[in-house]
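I opened this structure without having seen it before. I kept a notebook of what I looked up and in what order.

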Amino acid sequence: MSDQGISKGERRRAGIMTLLKQQGKVSIPEIIERFECSEATARRDLDLLEKQGNIIRTLGGAQLDTTLTSGETSFNEKRNLLWLEKEAIAAKAASMVEKGDIVGLTGGTTTFLIARALKFHNDITVVTNAVNIAMELADSDGVQVVLTGGVMRNKSFELCGPLAESIVNNIHIGKMFMGIDGISIDPGVTTFSELEAQIARLMLSRASQCYAVFDHTKIDKISLFAIAPLTEFKGFVTNRLESPAMLDYIEKHRMELHLTEPATEAEKAH
């Protein structure tokens, strides 16, 4: 992935995948109207997505391959989804970092973009258990990088296990930004991997402040393994949060909410 981001076609296909995940199916006319493209382009996009194994073509459109959405998705599969929204979330999170901060980053596409946004900061330390995040920051003169040891998980590039935990147990983190797979009032923040949940909990316990960073598709989703209840977090950074119940919960517990898109009517009510 280059610094210039992704192409117009890749963004359009990412948008089609987002639509499919929201409603389960999509028609050719719907793609033409929503993304202002030709019929030939719409069909070509669906052909490409089908070859990638993400969808099942139907007469006049496509449906989501639900056998794939119930499990963990790799970093490379997720990185093209909602890229612009994640860049905005990353920029917001990076703006919260000050000179002298010790910043914690778990693995994930949004946290990877936070690392990219931090590359030109000065006099900060980044603690991470993600190999790709450490490599992204490797040539940053103003950023000291602390990479935990451990066994790398291929899907996320995260280092986990006893070695990673022994190192995290001996460090202090100031501001922590945690990538997640799901967030709900109960059980809270969740992920697909038991090993990643365990190291994330430990990093959370070593942080003075922790923020969950996520796009709106993770809201009211529950993944297999719980990391922590919402009350363990100082706040949340996302593009939008249209769940009245969660907004009430965040306000009731006086947690911070940082949004990158204009507030909806539900959000304005809070």
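The entries below go from the whole chain down to single residues.

**Ground rules**

I am reading a predicted model, in which local features need pLDDT of at least 70, side-chain atom pairs count only at pLDDT 80 or more, and totals for chains, interfaces and linings use all residues. Residues are numbered from 1 along each chain as its sequence is written, and side-chain values use heavy atoms, with hydrogens and water left out.

**Entry: the whole chain**

I looked up the secondary structure and found 12 helices and 15 strands in the protein chain. Helices (H or I, at least four residues) and strands (E, at least two) are DSSP runs, numbered from the N terminus.

I then looked up the radius of gyration, which is 19 Å for the protein chain. The globule rule gives 18 Å for 270 residues, which is close, so the chain is as compact as a globular protein of that length. The radius is taken over C-alpha atoms, and the rule is 2.2 Å times the number of residues to the power 0.38. Along the principal axes, the C-alpha atoms fill a box of roughly 60 × 40 × 30 Å.

How much of the chain is buried? Of its 270 residues, 50% count as buried. Buried means under 20% relative accessible area, exposed over 50%, and partly exposed in between (1.4 Å probe, protein chains only). The protein chain exposes about 12900 Å², of which carbon and sulfur atoms supply 50%. Accessible areas come from the Shrake-Rupley method with a 1.4 Å probe; for residues, only the protein chains shown count as cover.

I also checked contacts (heavy atoms within 4.5 Å). Among those between residues at least 6 apart in sequence, 61% join residues at least 24 apart.

**Entry: the nonpolar cores**

I used this meaning of a nonpolar core: a set of buried Ala, Val, Leu, Ile, Met, Phe, Trp, Tyr and Cys residues joined through side-chain atoms within 4.5 Å. In soluble globular proteins, nonpolar side chains tend to be buried together.

Which members of the largest core touch the most others? Of its 32 residues, these are M178, I183, V189, F233 and F236. Several elements each supply at least two residues of this core, among them α9 (162–168), β9 (173–179) and α11 (244–252). The largest share, 6 residues, comes from α10.

Apart from this core lies another, of 25 residues, including I6, I114, A115 and I124. I looked next at helix α7 (residues 109–117), where 8 of the 9 residues are buried. I114 and A115 are among those buried residues of α7.

I found 3 aromatic pairs in the structure. F214 and F236 form an edge-to-face pair, at 6.5 Å centre to centre and 65 degrees between the planes. F214 lies in the loop between β12 and β13 and F236 in strand β14, so the pair ties together parts that are 22 residues apart in sequence. The rings of F233 and F236 have centres 5.9 Å apart and planes at 40 degrees, so this pair is tilted. Rings of Phe, Tyr and Trp (its six-membered ring) pair if their centres lie within 6.5 Å; planes under 30 degrees apart count as stacked, over 60 as edge-to-face and the rest as tilted.

Ring pairs link F214, F233 and F236 into a cluster. F214 and F236 are buried, and F233 is buried as well. Leaving aside neighbours within four places in sequence, F236 has contacts that include I183, Y211, L230, I250 and M255.

**Entry: T238**

I moved along strand β14 (residues 235–238) to T238. T238 has a relative accessible area of 0% and is therefore buried. Beyond its neighbours within four places in sequence, T238 is in contact with residues including I89, F214, D215 and H258.

**Entry: cysteines**

How many disulfides does the structure hold? I found 0; a disulfide is a pair of cysteine sulfur atoms within 2.5 Å. For C210, the nearest cysteine sulfur is that of C160, 16 Å away. C210 counts as buried at 2% relative accessibility, and C37 is buried at 13%.

**Entry: backbone exceptions**

Most residues other than glycine have a negative phi, and most peptide bonds are trans. The peptide bond from D186 to P187 is cis, with omega near 15 degrees. P187 is in the loop between β10 (182–183) and β11 (189–191).

F157, not a glycine, has a positive phi of about 65 degrees. F157 sits in the loop between β7 (151–152) and β8 (159–160) and is partly exposed, at 22%. D220 has a positive phi of about 65 degrees too. D220 is in the loop between β12 and β13 and is partly exposed, at 48%.
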